[in-house]
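This report describes selected local features of one protein model. The sequence and structure are shown first, and the description follows.

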Amino acid sequence: MNSQKIEYGTVVGPHPRTAEAGFDMFLAGGNAVDAAVAAAFAEGVVEPSQNGIAGYGGCMLIYHKKTQDVIAIDYNTAAPAAASEDMFTIEDAPDAVAGYRVPGRVNVHGPLSIGVPGVVAGLCLALKEYGRLPLDKVIRPAINSARYGYYPNGANRGGIAGNAERWKREFPETARVYLKDGRAPKKGETLTNPDLARTLEAVAEGGHTAFYEGQISETIANHIQELGGCITVDDLKSYRPFITEPYEIQYRGYSVYTSPLGAGGLTTLQMLRLIESYNVAEMSLTERFHLFAEAMKICWYERLSRFGDPNFVDIDIDEELSDSFTATLSEKLKAGLDSPQHGEVVYYEPMSCTSHISTADTEGNMVSLTQTHGGGFGSMVTVPGTGLLFGHGVGRFDPRPGLANSIGPHKRPLHNMGPCLSTFGGMPFATYGIPGGRTIPNNQLNISVSLMDLQVSAQAALDAPRFHCDGAEPIQIESRAGEETLEGLRELGHEISASGGIGGPGHAIRVWEEGTSHDGGTDPRGEGKVISR
């Protein structure tokens, strides 16, 4: 372990500017919430592929050492009032993975894919209720990055390059903002977004209402409607994030918390409950992944066939995590372990782009925060004069009518973000999370087991080989697991697909001595940074 005594705090994030923005708040006397919010605003500037302040939303967990409680802030997107479950054409497509398609994928890219963005409201709510520093100070690093420039990392340069020609044809304002002389920025070149700097300045001065009401909201709604979308000024004005209780389970003596639906963490908790009766720490990697595969098939079917916005779908969370329901699923798990079957794809979703930030201060407070555009660059729509690239919140719904996660007015979609916190005996233990679409709940299972069963460092938990199945085989396994593991799983009856990387970059902090010693980790699959002092 690499724990060290901490004077200020620890911030881990996917871009150096992100971590630096958060740590600056510790130096200014802020707490873990100030650090997380500053990092999140900065991250929304410097990683435009993954997220933005017009990203569709996010979720956050905050552990208060003084009271030993955990609260959740949900700032998931909401569908516009004019949205409906039959707003997209569905074509039968036997050649497609799930057997259907939306022509032109207009539910994913373009104006109809845009839901009400929740990021600004969620971050401002967290700061107001749980931070110490003023908004104008916390948002300043983000403003500076937008105005004076930042270095896009490899993932963002690659994403810009891959979309450049399409943007020139279909999304000219996005091309104008992110291309340099008609091309993607090269390594070492900076990008600026002066329009976004001015929008951030308005938020710094006027708070979240400067974004959701007045001139900015009118500019947003007018442009999206001109393009054929359906967001209105009233949709923006009526949007509210909310503070709520997280979901919680006991696992091996630890309390594990995650954000509530529509987030993905419930599936992680269900999988942890399923595997708890097995001696995971004594298993080989092959045996562990065999167990994970069958747990994932069961829990992903439950997720994709029954889960949705709890304000619209009748779901009892206590029952979902109960001993009786876990016992029912355990019978299916035993059958799968004895004779693995192919499984089933309920709803195909290829999108994967998100950011995670973890912070911890010397008082023992922790934050786990995940926010997103959805897929890479979200809707791909940038509103002129604002610098705002919009996420595609409507794209997170199942476009087919009559299902738990079908589109509906004011409905909030099922998504995969699943930040986690864990405590032991009421004391802080870890904050961790990861991006990667549907790989998130599964990777959170893997990280949880690494931290709590295998008792490894934060860095080792992020370094570990990863595994993914969202209902049907072939199962994806990182090649770093080794050929022996891949062959062992094939011998057990699984169809395997080797992968160079699954999800990431994740970030984690382990905490000791009631919060005064920290061990931070950043994913080797990314270009993140740990600042701990």
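In what follows, a residue is called buried when its relative accessible area is under 20%, exposed when that value is over 50%, and partly exposed in between. The model is a predicted one.

**His468 and its surroundings**

With a relative accessible area of 5%, His468 falls under the 20% cut-off and is therefore buried. The residue belongs to strand E16, which spans residues 467-468. Its side chain is joined to that of Asn442 by a polar contact of 2.8 Å. When neighbours within four places in sequence are set aside, the contacts of His468 are Met296, Arg438, Thr439, Asn442, Ile475, Gln476 and Ile502.

The largest cavity has a volume of about 70 Å³. Its lining consists of Trp300, Arg303, Leu304, Tyr347, Glu349, Arg396, Asn405, Leu414, His415, Asn416 and Arg438. Four of these lining residues are nonpolar, three are polar and four are charged.

**Cysteines**

How many disulfides does a search of the whole structure find? The search finds zero. Cys353 is in no disulfide, and the nearest cysteine sulfur, that of Cys59, is 16 Å away. Cys469 is likewise in no disulfide, with the sulfur of Cys299 as the nearest cysteine sulfur at 11 Å. Cys353 has 14% relative accessibility and so counts as buried. Cys469 counts as buried because its relative accessibility is 1%.

Ser517 is located in strand E20, residues 517-522. Is Ser517 buried or exposed? Its relative accessible area is 4%, so Ser517 is buried. Apart from residues up to four places away in sequence, Ser517 touches Ser3, Gln4, Lys5, Ile6, Arg510, Val511 and Trp512. A polar contact of 3.4 Å links the side chain of Ser517 to the side chain of Glu513. Between Ser517 and Glu495, which are 22 residues apart along the chain, the C-alpha separation is 43 Å.

Glu491 is part of helix H18, residues 483-491. Its relative accessibility is 71%, over the 50% cut-off, and Glu491 therefore counts as exposed. The C-alpha atoms of Glu491 and Val120 are 50 Å apart in space, and the two residues are 371 apart in sequence.

**Backbone geometry**

Most residues other than glycine have a negative phi, and most peptide bonds are trans.

| Site | Feature | Value |
|---|---|---|
| Leu261 to Gly262 | cis peptide bond | omega about 5 degrees |
| Glu473 to Pro474 | cis peptide bond | omega near 10 degrees |
| Arg105 | positive phi, not a glycine | phi about 50 degrees |
| Gln455 | positive phi, not a glycine | phi near 55 degrees |

Arg105 is in the loop between strand E6 (100-101) and helix H3 (119-130). Gln455 sits in the loop between helix H16 (439-452) and helix H17 (458-463).

Arg105 has a relative accessible area of 37%, so Arg105 is partly exposed.

Terms used
Residues numbered from 1 in each chain as written. Predicted model: local features only at pLDDT ≥ 70, side-chain atom pairs only at ≥ 80, totals over all residues. Heavy atoms only, no water. 1 Å grid on protein atoms, 1.4 Å probe; cavity = no way out; pocket = protein on both sides within 12 Å on 5 of 7 lines; lining within 4 Å. Points joined across faces, edges and corners; volume = space filled by probe spheres on them. Nonpolar A, V, L, I, M, F, W, Y, C, P; charged D, E, K, R; others polar. Helix = DSSP H or I, 4+ residues; strand = E, 2+ residues; numbered from the N terminus. Buried < 20%, exposed > 50% of the residue type's maximum accessible area, 1.4 Å probe, protein only. Polar contact = N/O pair within 3.5 Å; in protein donor to acceptor, adjacent residues only side chain to side chain. Contact = heavy atoms within 4.5 Å. Disulfide = S-S within 2.5 Å.
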